[in-house]
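Hi,

Here is the structure I promised to pass on.

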Amino acid sequence: MTAPQLRASATCVEARGLALGLRQAWRLRLPRASLKPWQRAWRRHGLFLTASSTAFRDVPGGLLVPAADGERGVHLVVLSTGKELARACLAAELENAARGAASSQTELQRMHAAHRAVGAAYGYPPCCVAAFCDAHAEAILARKAQRSGDEALIQLGDNGLAIARAAARTQHFDPRLAALPGALGERNVSTLRHLPCRFDCPASITLAEALLADVAATDERRFLRLRDGLRAPIWMDTAGHAHVAQSAQMTGAQWRVTLSDGSLVHAPIRQQPGKPVLPVLLPFHL
Ligand SMILES: [Zn+2]
């Protein structure tokens with residue numbers, strides 16, 4: 001997740017999710033200068049803010065890489081109505097990041113238990129957390145075993161594999177679920193902040209609808225923007241980074257995609273469920 005708007009707004013979907021009880025905690029990244037003002041601002045709304053003492057590189061995809069000396073970094077921050085829960089989520093996140101890739105089954109299980117615990121606190125549907133844990137385990141096992149035939153899978157990594165699999169499972173690309181945390185930054189117009197297990201996941205649709213109903217009651221313009229989601233397909237490159245597409249046409253077995261900068265790229269039209277690949281086109285609004 002890239003740093004969101006630095007204005008602490010009680011009407012943002014994350015804060016409304018907390019107010020509505022749809023999530024118990026909210027994770028984000030903030031530059032050091034924002035920590036104190038945010039702490040003060042949210043205290044007035046009854047939220048506790050806890051932040052990592054270490055600064056990390058502001059890279060998309062959820063990876064926590066410590067910032068080098070002199071490099072301007074961002075702090076991992078958790079906000080919650082409960083001080084203990086905020087601290088527990090932050091500790092679990094930092095422990096997972098420090099642990100690196102699990103090298104044993106026990107480590108992997110501990111890591112996934114931590115993912116499930118923070119995922120539940122952040123209001124992510126269990127099916128979506130489980131799908132991410134599966135992709136994570138498979139990416140690690142493939143890398144460890146270096147099985148021949150798994151080269152493509154090894155290259156995808158857990159995030160890429162989770163996205164490619166979500167796409168392969170999807171029957172209808174629901175624009176409300178065009179949530180690719182960290183990839184689209186402020187252009188992410190979904191109310192969701194997790195990668196769905198599929199882009200028509202019923203639990204994610206229910207969550208998106210609950211948040212949208214709340215926005216509808218308070219801000220009609222924002223509701224219309226969020227209801228329609230991103231009004232464009234998304235092209236995921238081989239590194240698992242998302243690009244907003246200007247247009248996409250089918251040519252033979254491929255999508256021919258024009259990106260916002262005018263460049264032309266391709267992606268296969270059909271994903272084989274057993275063999276998810278990148279690049280992939282997520283055909284929202286097509
Ligand atoms: Zn799901």
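Before the details, a word on terms: two strands count as paired if DSSP finds at least two bridges between them. The helices (H or I, at least four residues) and strands (E, at least two) are DSSP runs, numbered from the N terminus. Please keep in mind that this is a predicted model, where local features need pLDDT of at least 70, side-chain atom pairs count only at pLDDT 80 or more, and totals for chains, interfaces and linings use all residues. Residue numbers start from 1 along each chain as its sequence is written.

**The overall picture**

The protein chain has eight helices and eight strands. Of its 286 residues, 40% are buried. Buried here means that 20 or more other C-beta atoms lie within 10 Å of the residue's own; with 12 or fewer it is exposed, in between it is partly exposed, and the C-beta atoms are placed from the backbone. Contacts are pairs of residues whose C-beta atoms, again placed from the backbone, lie within 7 Å. Among the contacts with a separation of 6 or more, 61% link residues 24 or more positions apart.

β1, β3 and β2 make an open sheet in the order β1-β3-β2, with antiparallel pairing. β1 and β2 each have a single partner strand and stand at the edges, so one side of each has no neighbour in the sheet. On average, neighbouring strands here are turned by 25° against each other, direction ignored. For these angles, axes are lines fitted to C-alpha atoms (for helices over the stretch in contact), and values run from 0 to 180 degrees between N-to-C directions. β1 is joined to β3 by seven bridges, and L30 stands opposite H75 in β3.

α3 lies across β1, β2 and β3, running at about 145° to β3. How does the span of α3 (residues 83-99) compare with what 1.5 Å a residue predicts? Its 17 residues should span 24 Å, and the end C-alpha atoms are 24 Å apart, which agrees. The expected span is 1.5 Å times one less than the number of residues.

A86, C89 and L90 of α3 are buried. Seen down the axis, the buried residues of α3 fall within an arc of 95°, so they line one face of the helix; the arc is that of the directions from the helix axis to the C-beta atoms. The buried residues pack against β1 (25-31), β2 (48-56), β3 (74-80) and α4 (105-121).

A117 sits in helix α4. It counts as partly exposed because it has 15 C-beta neighbours inside 10 Å.

**The five-stranded sheet**

The other sheet to look at is open and has five strands in the order β7-β6-β5-β4-β8, with antiparallel pairing. β7 and β8 (280-282) are the edge strands, each pairing on one side only. The twist averages 45° from one strand to the next.

Going through the pairs:

- β6 and β7 (residues 264-268) share five bridges, T258 stands opposite L264, and G262 in their hairpin takes a positive phi near 90°.
- β5 and β6 (residues 254-259) pair over six bridges, S247 stands opposite T258, and G252 in their hairpin has a positive phi near 60°.
- β4 (residues 234-236) and β5 (residues 242-251) are joined by three bridges, I234 has V244 as its bridge partner, and G240 in their hairpin has a positive phi near 80°.
- β4 and β8 are also joined by three bridges, and M236 has V280 as its bridge partner.

**The core**

Which residues have the most contacts inside the largest nonpolar core? They are I234 and L282, in a core of 69 residues. Helix α5 (residues 126-145) gives the largest share of this core, eight residues. A nonpolar core is a set of buried Ala, Val, Leu, Ile, Met, Phe, Trp, Tyr and Cys residues joined through C-beta atoms within 7 Å. Not counting residues up to four places away in sequence, I234 touches A178, L180, A242, H243, V244, A245, L282 and F284.

Cheers

Methods
Contact = placed C-beta atoms within 7 Å.
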